[in-house]
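Dear colleague,

Please find the structure below, handed over for your records. My notes on it follow directly after.

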Amino acid sequence: MYTLTIYATDPYTEPGKDTRNIAGLNIVVVVQDVQDVPPIFTLAPPLTRLNNSVQIGDVILRVHAEDGDKGVPREITYGLVSEGNPFIPFFNISESTGEIVLAKPLEELTQITHVGAPVVLTVVAEEIRKSRDEPPAQATIVDVGFLLGEAGNSPPYFENDKLVPDDFSILVTCM
């Protein structure tokens, strides 16, 4: 609600005869928000590097969206768009918090993609409609990408567990 006071002046007055050269009027404007703006992502990093030590159940990213309508904002629910995306089984998202967690071992994910290629997920934020009288819920999508850790960033290991102390040509392999 906004209150406006409008003043009008009359510059054509005769001094000494006319003292009514100003008039004021109060106007009250009531603005009603209409549910017509979809959610807006306020936190959705476009690219996140995944450390090689990420385990199943670890939170790897959190997205956040708010209702674009400010009068009576609706709550938001989150989901992953699965159409044609082979990476969806590897991730879960909390419908209420927007936290994305690893659902399968990272090693399995590296078998269907290669180092340096981003794993792209499409996240949807949708308004929660509480009654039939409300306008339809609206949704917004955003793409987030994950870069898998490079093979050279893991600790070295020995290919052979039988080491001979006199052998100085031990082969160390880095993954």
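The side chain of Arg62 reaches the backbone oxygen of Thr97 at 3.4 Å, a polar contact (a pair of N or O atoms within 3.5 Å; within protein, one must be able to donate a hydrogen and the other to accept it, and residues adjacent in sequence count only if both atoms are side-chain atoms). This is a predicted model, in which local features need pLDDT of at least 70 and side-chain atom pairs count only at pLDDT 80 or more, while totals for chains, interfaces and linings use all residues. Residues are numbered from 1 along each chain as its sequence is written, and side-chain values use heavy atoms, with hydrogens and water left out.

Arg62 is placed in strand β5 (residues 59-62). Helices (H or I, at least four residues) and strands (E, at least two) are DSSP runs, numbered from the N terminus. With a relative accessible area of 37%, Arg62 is partly exposed; buried means under 20% relative accessible area, exposed over 50%, and partly exposed in between (1.4 Å probe, protein chains only). Apart from neighbours within four places in sequence, Arg62 is in contact (heavy atoms within 4.5 Å) with Leu43, Pro45, Thr97, Gly98 and Glu99. Arg62 and Ile100 are 38 residues apart in sequence, yet their C-alpha atoms are 5.9 Å apart in space.

Along the sequence they follow the pattern β-β-β-β-β-β-β-β-β-α-β-β-β-β. Of the contacts in the protein with a separation of 6 or more, 60% are between residues 24 or more positions apart. Buried residues make up 27% of the 175 residues. The protein exposes about 12300 Å², of which carbon and sulfur atoms supply 55%; accessible areas come from the Shrake-Rupley method with a 1.4 Å probe, and for residues only the protein chains shown count as cover.

The side chain of Thr140 reaches the backbone oxygen of Pro39 at 2.6 Å. Not counting residues up to four places away in sequence, Thr140 touches Pro38, Pro39, Phe41, Val123, Val124 and Ala125.

Strand β11 (residues 139-148) also holds Phe146. The structure has one aromatic pair, by the rule that rings of Phe, Tyr and Trp (its six-membered ring) pair if their centres lie within 6.5 Å, with planes under 30 degrees apart counted as stacked, over 60 as edge-to-face and the rest as tilted. That pair is Phe91 and Phe146, which are stacked at 5.3 Å centre to centre with 15° between the planes. Phe91 lies in strand β8 (residues 91-93) and Phe146 in strand β11, so the pair ties together parts that are 55 residues apart in sequence. Both Phe91 and Phe146 are buried.

Another ring has a charge over it: the charged end of Lys104 sits over the ring of Phe90, 5.4 Å from its centre. The criterion is NZ of Lys or CZ of Arg within 6 Å of the ring centre and within 35 degrees of the ring normal.

The structure holds four salt bridges, each defined as a side-chain nitrogen of Lys or Arg within 4 Å of a carboxyl oxygen of Asp or Glu. One of them joins the side chains of Arg74 and Glu127 (3.0 Å, N to O). This pair links distant parts of the chain, with Arg74 in the loop between β6 (64-66) and β7 (76-81) and Glu127 in strand β10 (residues 119-127), 53 residues apart. Arg74 and Glu127 are buried. Together with Glu134, Arg74 and Glu127 are linked in a network of salt bridges.

The loop between β6 and β7 also contains Glu75, while Lys130 is in the loop between β10 and β11, 55 residues from Glu75. The side chains of Glu75 and Lys130 meet in a salt bridge (3.7 Å, N to O). Lys130 is exposed, at 60% relative accessible area. A further salt bridge joins Lys70 and Glu66 (4.0 Å, N to O); Lys70 counts as exposed at 58% relative accessibility, and Glu66 as partly exposed at 37%.

Finally, His114 is found in the loop between α1 (106-112) and β10. His114 is exposed, with a relative accessible area of 55%. His114 and Leu148 are 34 residues apart in sequence and 8.2 Å apart in space, C-alpha to C-alpha.

With kind regards
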